[in-house]
Amino acid sequence: MTARHPELDQLLEGLVAERWSCRAYRGDQVPHDKMVRLLTLAQRAPSWCNTQPWEVIVTEGEGIERFRTALASHAKEQGSDLTPDIPMPQQYKGVHLERRRESGWQLYEAVGVARGDRGASARQAFKNFELFGAPHAAVITVDVDQGPYAVLDTGVYVAKPPLTKVCLFTLPNTGAAMTRPARTANS
Ligand SMILES: Cc1cc2nc3c(=O)[nH]c(=O)nc-3n(C[C@H](O)[C@H](O)[C@H](O)COP(=O)(O)O)c2cc1C
């Protein structure tokens, strides 16, 4: 924050306060040049020794439909037998567990899923793997040798203020990350 540019502070505060996770999208494609501008801004994110470990693949046009179909079909095949690269949290306790539950109830309530309706909640959860109908997906990978440091850097990359403009309309999707295709340790 800087006293010299109060209008910028206000703008930034407004953008951050308005940010929310979208879980239903219109299919409109974002123009390619706009996408490049946003990714160029995101590239300014700080990282450990400026390694910029993230590799980003953005789907456009036909690519997003191929990705969506492949992801959903892989998720169906895999079922609950998840094999994420990053281990799932071992457990949630206390206030974190409460917030997690509350967030789930709020989401299901917002989309009209009644408590206890397991079929409807499973269908809603599966939308993660259909990318909530998003017109683009950014698949972000890091070199496995760089471990949690690179993952941490990537968290900063996706959440950095220059990305606020994008984050207003996007959703980090762990669902997709949990369903990596089977592969060997070296692939
Ligand atoms: C790293 C990360 C992964 C997330 N993964 C998912 C996800 O897989 N599916 C989902 O619906 N929301 C996901 N979210 C969104 C959170 O649920 C959301 O940020 C939180 O409930 C607060 O809501 P808000 O972003 O609307 O303020 C993720 C958020 C983060 C930061």
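Guide: Let's start with a term: a salt bridge here is a side-chain nitrogen of Lys or Arg within 4 Å of a carboxyl oxygen of Asp or Glu. Keep in mind that this is a predicted model.

Visitor: Okay, how many salt bridges does that rule give?

Guide: The count comes to two.

Visitor: Which residue pairs up with Asp 28?

Guide: That's Arg 26, and the N to O distance is 3.0 Å.

Visitor: Is Arg 26 buried or exposed?

Guide: Arg 26 is exposed, at 65% relative accessibility.

Visitor: How far apart are Arg 68 and Glu 65 in helix α3?

Guide: They're three residues apart in α3, which spans residues 62-78, so about one helical turn separates them.

Visitor: Is Arg 68 buried or exposed?

Guide: Arg 68 is buried, because its relative accessibility is 13% and the cut-off for buried is under 20%. Glu 65 is partly exposed, at 39%.

Visitor: Why would charged side chains pair at all?

Guide: Opposite charges can pair when the charged atoms come close.

Visitor: New topic. Which residues make up the largest nonpolar core?

Guide: There are eight in all: Ile 64, Leu 71, Ala 72, Ala 75, Phe 126, Phe 129, Leu 131 and Ala 137.

Visitor: Which helix gives the most to this core?

Guide: α3 does, with four residues. As a general pattern, nonpolar side chains in soluble globular proteins tend to be buried together.

Visitor: What is Phe 126 in contact with, leaving aside its neighbours within four places in sequence?

Guide: Phe 126 is in contact with Ala 72, Ala 75 and Lys 76. Ala 72 and Ala 75 belong to that core too.

Visitor: Where does Cys 49 lie?

Guide: You'll find Cys 49 in the loop between α2 (32-42) and β1 (55-58). Cys 49 is exposed, with a relative accessible area of 67%.

Visitor: And what's phi at Phe 132?

Guide: Phe 132 has a positive phi of about 50°, and it is not a glycine either. Look for Phe 132 in the loop between α5 (118-126) and β2 (138-141).

Visitor: Is Phe 132 buried or exposed?

Guide: Phe 132 is buried, with a relative accessible area of 7%.

Terms used
Residues numbered from 1 in each chain as written. Predicted model: local features only at pLDDT ≥ 70, side-chain atom pairs only at ≥ 80, totals over all residues. Heavy atoms only, no water. Helix = DSSP H or I, 4+ residues; strand = E, 2+ residues; numbered from the N terminus. Buried < 20%, exposed > 50% of the residue type's maximum accessible area, 1.4 Å probe, protein only. Core = buried A, V, L, I, M, F, W, Y, C linked by side-chain atoms within 4.5 Å. Contact = heavy atoms within 4.5 Å.
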